[in-house]
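Have the viewer open while you read.

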Amino acid sequence: MNAPVRYTPSVEQPQPDEAETIAGLEDQFEKILDTTSTDYGHAVRAVHAKGHGLARGTLSIADGLPPELAQGLFAAPGDHEAIVRFSTNAGDILDDSIRLPRGVALKILGVEGERLPGSEGETTQDFVLANAPAFAAPNPKKFLANLKLLAATTDKAETSKKLLSAVLRTFESALEAVGGQSTMLNTLGGAKPVHPLGATYFSQTPFRYGDYIAKFQLVPVSAIKDFADETINATGRPDAIREAMNALLAEQGGTWELRAQLNTDLEMMPIEDASVVWDEEASPYRTVATLHVGPQQAWVHGTSEKEEDALSFAPWHGLAAHQPLGGVNRARRSPYRFSARYRGRVNGCPMHEPRVLADISG
């Protein structure tokens, strides 16, 4: 493997009109939030609105990491409390028969060190991941175009979405049969209805990794990995995913490895194009920590909803050593913060980053 590329600010190349694009993203977030908060009488997330599981666990930083991996959060071995949220990506709360990509958000507690702007005084590190290795848009402009499409379908007839999901899944299955995949078909409702606990998740976008640059991956390694190809039949079961997660997580809990893929070639592993999958042969994902979640209910009706209201997850919650990089990450900073503040204002529950798990209470 080639030597990892060292981080310098010059690896990023912001575009002159990025501020305008980011303002457009914030407008679309507000459009989605206004629609859904009117529908529900309650504010939910502008993206990944429907949570399927909210579980407590421990992240253990590996001992004896080589110098290039012993960076930032991972510089010293030790255990941290953690909370993990499983979701699907729509901005409205849909019947689970509408097939959408899975997401997972991981919040690590008790993290000390120099903070990213806007997260001063906090002691958390967030990782926001999805079950595809690349982002659905290469840059902020395409991200905005995609979000406009999703915003336009928010609050549309659910029956039509179910029919569209079935049609798109047929197209996506045909692509998979010949070794292909369409990120956009998945995003619009053609995703394979995989079990969230068996899925592998990716940060999709690059981050500073102390002196270096990396993407992240969260991989199941306990018996839940056997559910990697398990699908969930949600016909007639609007909350089938929560039911499936409750059954499996309560029975056996789960263990995942958090892995880092160091950038070794800025041309082959671009910072500003989030749609490019970095070559794992050139630079494999390497384990830096282990997440253990003991047996527990993934979703407790009446409690998990309240806990979700008090939490926000964003790539910009964290250490300066893990600064989000690239246009898509820069574009997510302001809209994610806007969404959290909107929810806090409408629901009368301002966001406060927890310092210990006991701070999170339904």
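W299 counts as buried, because its relative accessibility is 7% and buried means under 20% relative accessible area, with exposed over 50% and partly exposed in between (1.4 Å probe, protein chains only). This is a predicted model, where local features need pLDDT of at least 70, side-chain atom pairs count only at pLDDT 80 or more, and totals for chains, interfaces and linings use all residues. Residues are numbered from 1 along each chain as its sequence is written, and side-chain values use heavy atoms, with hydrogens and water left out.

**Around W299**

- You'll find W299 in the loop between β9 and α6 (304-309); helices (H or I, at least four residues) and strands (E, at least two) are DSSP runs, numbered from the N terminus.
- Skipping neighbours within four places in sequence, W299 is in contact (heavy atoms within 4.5 Å) with G51, H52, G53, L54, R242, N246, S304, E305 and E308.
- From W299 to M245 is 54 residues in sequence but 8.0 Å in space, C-alpha to C-alpha.

**The chain overall**

- Seven helices and nine strands make up the secondary structure count of the protein chain.
- Of its 362 residues, 54% are buried.
- Among contacts with a separation of 6 or more in the protein chain, 78% come from residues 24 or more positions apart.

**Helix α5 and the cores**

- A nonpolar core here is a set of buried Ala, Val, Leu, Ile, Met, Phe, Trp, Tyr and Cys residues joined through side-chain atoms within 4.5 Å.
- The largest one has 45 residues, and F74, F127, Y209 and F216 touch the most other members.
- Helix α5 (residues 240-252) gives the most to this core, namely six residues.
- F127 is in contact with L73, F74, V104, A105, L106, I108, F216 and L258, once neighbours within four places in sequence are set aside.
- There's also a second, separate core of 19 residues, and F29, L33, A151 and Y336 are among its members.
- On α5 itself, the buried residues are A240, I241, R242, A244, M245, N246, L248 and L249.
- Those buried residues of α5 pack against β1 (51-61), β2 (78-88), β3 (102-109), β8 (254-262) and β9 (286-293).
- The length of α5 checks out: its 13 residues should span 18 Å at 1.5 Å a residue, and its end C-alpha atoms are 19 Å apart, which agrees; the expected span is 1.5 Å times one less than the number of residues.

**L73**

- L73 is found in the loop between β1 and β2.
- It's buried, with a relative accessible area of 7%.
- L73 and I61 are 12 residues apart along the chain, and their C-alpha atoms are separated by 8.2 Å.
- Not counting residues up to four places away in sequence, L73 touches L59, I61, H80, V111, Q125, F127, L319 and H322.

- α1 (18-40) has 23 residues and reaches 33 Å from its first C-alpha to its last, close to the 33 Å expected at 1.5 Å a residue.
- Its buried residues are E18, T21, I22, G24, L25, Q28, F29, I32, L33, T36 and S37.
- The cover over the buried residues of α1 includes α2 (140-153) and α7.
- α1 and helix α7 (residues 327-347) pack at an angle of about 35 degrees, with their axes 9 Å apart; axes are lines fitted to C-alpha atoms, for helices over the stretch in contact, and angles run from 0 to 180 degrees between N-to-C directions.
- By class, the contact of α1 with α7 has nine nonpolar, four polar and five charged residues, where Ala, Val, Leu, Ile, Met, Phe, Trp, Tyr, Cys and Pro count as nonpolar, Asp, Glu, Lys and Arg as charged, and the others, Gly among them, as polar.

**Positive phi**

- Most residues other than glycine have a negative phi.
- H48, in the loop between α1 and β1, has a positive phi near 55 degrees.
- Q204, in the loop between β5 (201-202) and β6 (207-209), has a positive phi near 70 degrees.
- Q204 counts as buried, at 9% relative accessibility.
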